[in-house]
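Please look over the sequence and the model below before reading on.

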Amino acid sequence: IVSPSGPIGPRDVRPTPTGRIIVEAASGKMPGYVDTGLNLVHVDDVAAGHLLALRHGEIGERYILGGDNVYLRTMLADIAEMVGRPPPRLKIPIAVTYPVAYVAELAARFTGREPFVTLDSVRLASHRMFFDDTKARRALGYVSRPYREAIADAIAWFEALMEEQDRDIMAWAFGRGEPPAHLKGPMFDRLRALDYIRLAPR
């Protein structure tokens, strides 16, 4: 059994909760942070870890596929540095985020959009989600690259994705081809959130 920690990197189409943190931070939409931490690992290292477990893992054993334990404030500062924005400096008490998450989930029921924060994410953030992957490294030969490389790869992929969507929209606007599928439904809302490419200073 393999248990990935917090995978980040390219091809995060949804995006996942960790990918959404990167998108929101890169777009300057996270003015503050809570005192929490998480374990970040490149998604390609997680994929390689699955193959290593298939080849070398023992039945009944569990292997954590992790990377670096990172405080959220450090992660946000790294993202801000990469996109040329000032890092968030407001430390938000975790207790304050519970009513905010409740209101966000309630509003999402009426708008049909994903809430920007959920009660589940706040409950998780109340604990530092740090993990030790020593067992996987020792037993499987598992390795992971520095988490900053994963963040950089994720940002580059989101930028490339948005540029591709922009080309499709322009082609449709000028009468070439069908309306892009991402202009419809929740996927468009998610892609529109990636608009930090035009907003992030360089």
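Are Trp157 and Phe158 buried or exposed? In this predicted model, both Trp157 and Phe158 are buried. The two residues also form an aromatic pair, with 5.5 Å from centre to centre and 70° between the planes, in an edge-to-face arrangement.

The structure holds two aromatic pairs. Tyr71 and Phe130 make up a pair whose ring centres are 5.5 Å apart; the planes stand at 80°, over the 60 degrees required, so this pair is edge-to-face. Tyr71 belongs to strand E6 (residues 68-71), while Phe130 sits in the loop between H5 and helix H6 (134-140), so that distant parts of the chain, 59 residues apart, are linked by the pair. Tyr71 is partly exposed, at a relative accessible area of 29%, and Phe130 is partly exposed too, at 30%.

Helix H1 spans residues 17-26 and is mostly covered, with seven of its ten residues buried. These are Thr18, Gly19, Ile22, Val23, Glu24, Ala25 and Ala26. Glu24, a charged residue by class, has a relative accessible area of 16%; because this is under 20%, Glu24 counts as buried. Beyond residues up to four places away in sequence, Glu24 touches Lys29 and Met30. Just after H1, Gly28 has a positive phi of about 75°.

The largest nonpolar core has 24 residues, and those touching the most other members are Ile22, Leu40, Leu72, Met75, Ile79 and Ile151. At least two residues of this core come from each of H1, E4, helix H3 (72-83) and helix H7 (147-173). H7 gives the largest share, eight residues. Another core, of nine residues, lies apart from this one and includes Val46, Ala53, Tyr63 and Leu140. As for Leu40 in the largest core, its contacts outside four places in sequence are Gly6, Ile8, Gly67, Asp68, Val70, Met75 and Tyr147.

The last topic is the largest pocket, which holds about 1200 Å³ of space. Its lining consists of 40 residues, and Pro17, Ile21, Phe116, Val117 and Ser121 lie nearest the centre. Two or more lining residues come from each of strand E1 (2-4), helix H1 (17-26), strand E3 (32-33), strand E4 (37-42), helix H4 (94-111) and helix H5 (119-125). By class, 22 residues of the lining are nonpolar, twelve are polar and six are charged.

Notes
Residues are numbered from 1 along each chain as its sequence is written. This is a predicted model: local features need pLDDT of at least 70, side-chain atom pairs count only at pLDDT 80 or more; totals for chains, interfaces and linings use all residues. Side-chain values use heavy atoms; hydrogens and water are left out. On a 1 Å grid over the protein atoms alone, a cavity is a set of points where a 1.4 Å probe fits but cannot get out, and a pocket is an open set with protein on both sides within 12 Å along at least five of seven lines; lining residues have an atom within 4 Å of a point. Grid points are joined across faces, edges and corners, and a volume is the space filled by probe spheres set on the points. Helices (H or I, at least four residues) and strands (E, at least two) are DSSP runs, numbered from the N terminus. Buried means under 20% relative accessible area, exposed over 50%, partly exposed in between (1.4 Å probe, protein chains only). Contact means heavy atoms within 4.5 Å. A nonpolar core is a set of buried Ala, Val, Leu, Ile, Met, Phe, Trp, Tyr and Cys residues joined through side-chain atoms within 4.5 Å. Rings of Phe, Tyr and Trp (its six-membered ring) pair if their centres lie within 6.5 Å; planes under 30 degrees apart count as stacked, over 60 as edge-to-face and the rest as tilted.
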